[in-house]
Amino acid sequence: MQQTVFFQAMIYLAAAVIMVPIAKRLGLGSVLGYLVAGIAIGPAGLKFIGLEGQDIMHFAEFGVVMMLFVIGLELEPSRLWRMRKSIAGLGGLQVSVTSVVVAGLAMAFQLGWKESLALGMITAMSSTAIVMQTLNEKGWLKTVAGQSSFAVLLFQDLAIIPMLALFPLLADHPAVQETHGTGSVVSAFPAWQQAIIVLLSVAIVVITGKYLLRPVFRLMARTGMREMFTATALLLVVGIAVLMTSVGLSPALGAFVAGVVLANSEYRHELESSIDPFKGLLLGLFFISVGSSIDFQLIVSKPFLIIGLVVGVMSFKMVILFVLGKIFKVRNAQNFIFSIGLSQIGEFAFVLLSFSAQQGVLTKDITDTMMAVVAISMALTPLVMMINEKLILPRLCTVGSNIEVHKASDIEEQDNPVIIAGYGHFGNTIGRFLRANNVEATVLDNDSDNVDFLRRMGLKVYYGDATRYELLDIAGAGKAQMIIIAISDEEKRLELIETVKKHFPNLHMLVRSTNRNDAYDLMNAGMMHIYRETFDTSLRVGTDALKLLGYRAHEATRSAKTFFIHDERTLKHLSSIRNDEEYVNAARQHIEELEMIMRADQQAVNLQSLGGWDRKAENSDYHTT
Amino acid sequence: MSKILIQFAHPTLSRSNVQRTLETHCRNVKGVTFNDLYEHYPDLYIDVKREQQLLLQHDVIIFQHPFYWYSSPPILKQWQDLVLEYNWAYGPEGDALAGKKIFNALSCGGGKEAYKETGYNRFPVNQFLLPFNQTAHLCKMEYLPPFVVHETYTVSEAELESYGQQYASILNAFVKDEIGSHHYQHVEYLNELYK
């Protein structure tokens, strides 16, 4: 069969298009779908692709770079600084303890200390791609487990740099001096110059991000061509990757730094949405190639060794992570998500393994075996996480009345007329208010810490992803009158709306929205009851400001109400004439939006005149004679 | 010594010269509590306990308001509906307000001529005030004739000033218990007591 690029692309895409929706439908998450797709088309399955899967994997690792860029975009420097303790503490301990423990075990199996240490460091790595993708899909990124996992993964990305520097020193057999994949151009310079070059390149990334990129993006935005913006965004990420690679730094790390620098810029959302599809596809490709690179022949030839290694490594990592989580006061349910999630060996291990083979640190025999172990452990991760979510978490979070296991015992709760999805600061006010009025609500939340706490406070709160049909069904969505959608994540809200529309068409939906844009999306989704989370509060501040300026309380209150009605009407009007293509970037969109709103304000009734009580009418001769 | 509670109700005080003049004058009288209802309850959510407490602390209650549609602005109705509770203000055990004096102090766009059988409004002001009168009666209070400022849109500054002083004098007299039922029994408006 002629292996043209198009044919390969077709195979990869088709595999993804078939497998991912199936995996999603079964509630398995996209990562597992990609992995299965990879196995299916790989040498072990339909044999569409052979060993070139490895090369594709190197290419697809670029998806990880993009993912870190996007993660960086969502992390402001101040937040990163607040996380310094868990990054250095939790991350640092995870990497060092795991390295040492695994190295010790390897030495117990008669390996040399150098090889053992290399294996330890390789094993310490977890998979940023799988873990972050899964956490994101489940909406867990903001939970304690999500934050802790992120901190550890970030530290591992940092640790890659000294590891790559350290590996040549571990070589027993003098390596063939060959320039390796990472760090090449500068290795000709003496060490102190290398250090300066490295520092300079980081400085270049930061300074470019801070001062140079905004005018460039503005220029690109002004061309009015969306693809130019996308091209610039891609150029930025690729450029950083090239720069970082040439000075021997991790491109993922460089992209992450650039993302953080741009986190405060007005182009953040636009950048994110430009990069996102590439990131998603490349990550998918990456997962597929992991799946296809699993060497089943090797597994068949020494099954016990490999399976033993996989189980052993994953359990050791898990235990170490769990203990560290305990030390860092991660609560039980969250700790399970955290330690089980990070228990696999990650994609960086592939890099380190091939590097150590080149450098002569490890023998080909060991690296081949390890490659299989790494791939299997990655493939197992979504499965283990699912088992954790389905079997362990419900027991921990829903003490006594386990919704997923003992459905029957929950019948009383199912009759509640109201379901509240999301019980953060927005949802809990609603819940408290309803309770104050003796209206019982069934609460769904996917932050197990939160669920745990609320349960201890005596509330009927259930843990789970409210966008899932099964959970909604169990929560009594079939009998309830309404669902209050108070989740903070905009995409999850839309997902939930779709699920409700499809399966529970009679359920009233009251939906929280973040801002105008989000409200538009919700209107497009057909929502009638939309509540912008800051709108009422802002108006109350405005009312009090008027009062302090000497306005009469009642007039200020009426004016606020008038404004409220006017603004809701403007919102509906603008949503009907919104045209996505008019907007090139978030900043311009915001300004145009504001301009339209303010124009509408001018056309509206003068808020100063309260109507009614008109002097002229009262003054007419109806009354005087 | 009597204490006076003015229950003031005006949704747009900033537009009313008359009421603002009256307000300035009555705020200066010792023994008068000026309770600005729209300012306290801009959304008409009335603190019933506070209002009942105020009523108990005073001997003379005045509803001071513009004469909208032959009655008061809506907050006063809301106030009556919520504050005058059964078995507190009325009913077999409702004696909380018994013996207190109460009247309306109005600003009224129309002239006195318009409030006549032959005038445009066909009835005198006092007849329009019958619901207040009967409410007071039900609460065992003594309902007095109103204090009225007519033709608010054409009244001159000087006249307005004299209305203000007149109002203040009446309030002072009530504080000093100088006004008895023999004074007001036969007048149409309280204005007539202090020309």
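This report covers aromatic pairs, charges over rings and nonpolar cores in a predicted model.

## Basis

Local features need pLDDT of at least 70 and side-chain atom pairs count only at pLDDT 80 or more, while totals for chains, interfaces and linings use all residues. Residues are numbered from 1 along each chain as its sequence is written, chains are lettered from A in the order in which they are written, and side-chain values use heavy atoms, with hydrogens and water left out.

## Aromatic pairs

Over all chains, the structure holds 19 aromatic pairs. Rings of Phe, Tyr and Trp (its six-membered ring) pair if their centres lie within 6.5 Å; planes under 30 degrees apart count as stacked, over 60 as edge-to-face and the rest as tilted. A:Phe150 and A:Phe256 have ring centres 6.2 Å apart and planes at 50 degrees, so this pair is tilted. A:Phe150 belongs to helix α9 (residues 144-166) of chain A and A:Phe256 to helix α12 (residues 251-261) of chain A, so the pair ties together parts 106 residues apart in sequence. Helices (H or I, at least four residues) and strands (E, at least two) are DSSP runs, numbered from the N terminus. A:Phe150 is buried at 7% relative accessibility, and A:Phe256 is buried at 4%. Buried means under 20% relative accessible area, exposed over 50%, partly exposed in between (1.4 Å probe, protein chains only).

In chain B, the ring centres of B:Phe63 and B:Trp79 are 5.5 Å apart with planes at 80 degrees, so the pair is edge-to-face. Both residues, B:Phe63 and B:Trp79, are buried. One aromatic cluster is formed by B:Phe67, B:Trp69, B:Tyr70, B:Tyr115, B:Phe123 and B:Phe128.

## Charges over rings

A charge sits over a ring if NZ of Lys or CZ of Arg is within 6 Å of the ring centre and within 35 degrees of the ring normal. A:Arg84 lies over the face of A:Trp81, 4.3 Å from the ring centre. B:Lys112 has its charged end over the ring of B:Tyr189, at 4.8 Å from the centre.

## Nonpolar cores

A nonpolar core is a set of buried Ala, Val, Leu, Ile, Met, Phe, Trp, Tyr and Cys residues joined through side-chain atoms within 4.5 Å. The largest has 132 residues, of which A:Phe69, A:Phe167, A:Phe256, A:Leu271 and A:Phe287 touch the most other members. Helix α18 (residues 364-397) of chain A gives this core its largest share, 11 residues.

A second, separate core has 34 residues, including B:Ala9, B:Ile102, B:Tyr115 and B:Leu129.
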